[in-house]
Amino acid sequence: METKTISGSSTGQKPVTGTYAITDDFMGMTFDKHFKNVFGIKRILAVVIKETIDLYASCTIEEVVSLIEYTAFDKVCISDGLEKVSSVESHAIGEGSVYFDILVKVGLPKPILEKNKVFSYFCIKLDAEMQRKLNPGYILSKRGLYYCSRMITEQLPVINTNTNYDVLVPVYSIWITLVDNSSGLAGKIIRYQIKNTSNTGCEDSNKSTALERLDSVSGMMNLYFICIDKDVVNNKEAIINSDGIMEYLSLLFAGKFQDERLKKHDSAFDGIMRRYGKELNDMANYMSEIEEERAEARAEGREEGREEGREEGRAEGRAEERKNIKDTVIKLLKMERCSASEITEFFPQLKDEDIAEIKQRLIQRV
């Protein structure tokens with residue numbers, strides 16, 4: 001089961017027991033699985049890397065694939081890119097664990113290493129995350145900053161007088177985020193980076209050795225937000241009129257897997273579909289289903305709010321709330337998107353009789 005220690009009720013706060021808060025948290029964790037199933041495919045991850053990070057812009061997809069999960073400078077990985085990367089857990093003394101959606105080492109392209117001898121490293125650390133809310137109850141960019149920080153600190157698990165900080169490699173955290181049109185961010189890529197903001201007036205070739213050494217921290221921490229228009233998810237007929245990584249991701253989330261534009265990003269996309277068609281369709285369908293259910297829940301919530309006021313009404317509301325939860329649980333169990341053992345953990349409002357009713361309805365296939 002996937003958990004994230006810096007989100008919602010995992011931060012040591014008391015868990016929220018409202019219907020929609022619990023459901024959102026559960027759905028979010030469930031969607032992580034679908035995201036990993038698709039974006040853990042090396043060829044799909046390679047497109048994201050190539051079209052987002054400048055270091056890889058001149059590489060072919062095959063070259064980027066060979067650099068993913070890079071282990072040594074002198075070794076070349078031969079792969080068709082159809083295998084998946086692994087998810088990685090981050091531990092830090094005195095802190096909780098963080099489960100990154102996708103965390104891999106990616107080797108630097110050989111031409112860059114040969115051209116620029118100042119690199120003291122041969123790879124980067126890359127984290128890719130999916131977030132369906134730009135405002136999940138906290139400032140998302142600060143969570144991204146924390147993830148970047150964890151990727152830095154875990155490179156030096158022990159600190160003492162002999163610690164060699166020169167071994168640190170740059171970290172990149174890419175957050176694929178769904179946003180409303182009203183946010184003004186739809187279709188945009190927002191990037192944050194550590195860099196020298198004091199203009200010394202010196203050309204690179206005239207930099208002093210001391211300044212050059214200090215400037216080596218520039219680009220060590222990179223945070224991206226790729227903001228996908230939510231209309232792509234909510235409206236399958238929406239016209240996708242973008243380019244670059246925005247076009248690629250929008251087509252994937254919209255489930256337009258037969259669109260020839262996907263081959264513009266990766267000529268071997270048909271091979272991905274033949275092997276992982278179910279995973280791709282599950283991800284696209286799950287996104288649209290959950291967004292639709294949330295819209296209906298919000299509408300129902302507003303209507304119920306207008307009728308509240310009497311204790312009898314509130315009691316009926318609680319009963320209706322439990323009924324909705326039971327219906328949701330049954331749907332998830334039938335689709336095998338959660339296990340029976342997870343029900344009480346994620347839906348603490350359910351009583352013993354509710355669990356018994358759920359089991360009986362599943363037996364009767366109601």
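In this predicted model, K105 stands opposite K125 in strand 4, where helices (H or I, at least four residues) and strands (E, at least two) are DSSP runs numbered from the N terminus. Strand 3 (residues 102-107) and strand 4 (residues 123-131) run antiparallel and are joined by 6 bridges; two strands pair if DSSP finds at least two bridges between them. L103 has D127 as its bridge partner in strand 4.

D127 also stands opposite S173 in strand 5. Strand 4 pairs with strand 5 (residues 171-179) in the parallel sense, over 7 bridges. Between strand 4 and strand 5 the chain passes through helix 5 (residues 140-153), and this β-α-β crossover is right-handed, that is, with the strands pointing away from the viewer, the path from the first strand over the helix to the second runs clockwise.

Burial was examined next, with buried meaning under 20% relative accessible area (1.4 Å probe, protein chains only). Because 9 of the 9 residues of strand 4 are buried, this strand is largely enclosed by the rest of the structure. In a regular strand, side chains alternate between the two faces of the sheet. In strand 4, C123, K125, D127, E129 and Q131 point one way, I124, L126, A128 and M130 point the other way, and all are buried. Strand 3 is likewise largely enclosed, because 5 of its 6 residues are buried. Helix 2 (residues 42-52) is largely enclosed, since 9 of its 11 residues are buried, among them K42, R43 and T52.

Residues are numbered from 1 along each chain as its sequence is written. Local features need pLDDT of at least 70, side-chain atom pairs count only at pLDDT 80 or more, and totals for chains, interfaces and linings use all residues, while side-chain values use heavy atoms, with hydrogens and water left out.

Key:
Buried < 20%, exposed > 50% of the residue type's maximum accessible area, 1.4 Å probe, protein only.
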